[in-house]
Amino acid sequence: MDNTSNDAVHALLMEILHTRRSLRQAIKRMLKKSNVNMTFEMFQIMSYLLYRDGVSQQVLAERTVKTKTCMTNLINNLETKDWVIRRKDTEDKRNQLIFLTDTGREVSEEIHQLLNDFHCQMEEATNQLLKLSRILDEI
């Protein structure tokens, strides 16, 4: 790979990281505005459980790229809020499966409605940028 290719790859990776960080910050602002006392990390877990309820702490840790210790603390905090419950895995007693409670499901659905609104705003902004790009191409 020549230096130009390396520079292009580096620039692309930096843009991906910047976009990831910007999206994370936007979601954190959305959570704060919603007055739901939820961290971004809690949001990740609740989002995963909304569509795949009843998974092990290990799976949650892998999917959210968290350590087992961090995941245990997050699950403890979510249990305190009555948003999740732990249950023994009937197939493997060593595992604990994590489920949303009814309250947790309501909170998750509320947050995901806000996230859908956020996605609509992003889509509108993208459409405006595409329109601007077409206008500039015509000039």
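This is a predicted model: local features need pLDDT of at least 70, side-chain atom pairs count only at pLDDT 80 or more; totals for chains, interfaces and linings use all residues.
**View 1. Helix H5, end to end.** Here's H5, running over residues 102–138. With 37 residues at 1.5 Å each, H5 should span 54 Å, and that agrees with its end C-alpha atoms, which sit 54 Å apart. Its buried residues are Gly104, Val107, Ser108, Ile111, His112, Leu115 and Phe118. They pack against helix H1 (3–33), helix H2 (40–51) and strand E3 (96–100).

**View 2. Inside the largest nonpolar core.** This core has 29 residues, and Met38 and Leu60 have the most contacts inside it. H2 gives the largest share, with 8 residues. Zoom in on Leu60 and, leaving aside neighbours within four places in sequence, you'll find it in contact with Ile45, Tyr48, Leu49, Val55, Met71, Ile75 and Ile98.

**View 3. Arg24 meets Glu41.** The closest N and O atoms of this salt bridge are 2.6 Å apart. Arg24 belongs to helix H1 and Glu41 to helix H2, so the pair ties together parts 17 residues apart in sequence. Glu41 is partly exposed, at 21% relative accessible area.

**View 4. Arg105 meets Asp53.** These side chains form a salt bridge at 3.1 Å, N to O. Arg105 is in helix H5 and Asp53 in the loop between H2 and strand E1 (55–56), so parts 52 residues apart in sequence get tied together. Arg105 is partly exposed at 27%, and so is Asp53 at 30%.

**View 5. Glu79 meets Arg86.** Their side chains join in a salt bridge, 2.5 Å from N to O. Glu79 is partly exposed, with a relative accessible area of 30%.

Definitions and conventions
Residues are numbered from 1 along each chain as its sequence is written. Side-chain values use heavy atoms; hydrogens and water are left out. Helices (H or I, at least four residues) and strands (E, at least two) are DSSP runs, numbered from the N terminus. The expected span of a helix is 1.5 Å times one less than its number of residues. Buried means under 20% relative accessible area, exposed over 50%, partly exposed in between (1.4 Å probe, protein chains only). Contact means heavy atoms within 4.5 Å. A nonpolar core is a set of buried Ala, Val, Leu, Ile, Met, Phe, Trp, Tyr and Cys residues joined through side-chain atoms within 4.5 Å. A salt bridge is a side-chain nitrogen of Lys or Arg within 4 Å of a carboxyl oxygen of Asp or Glu.
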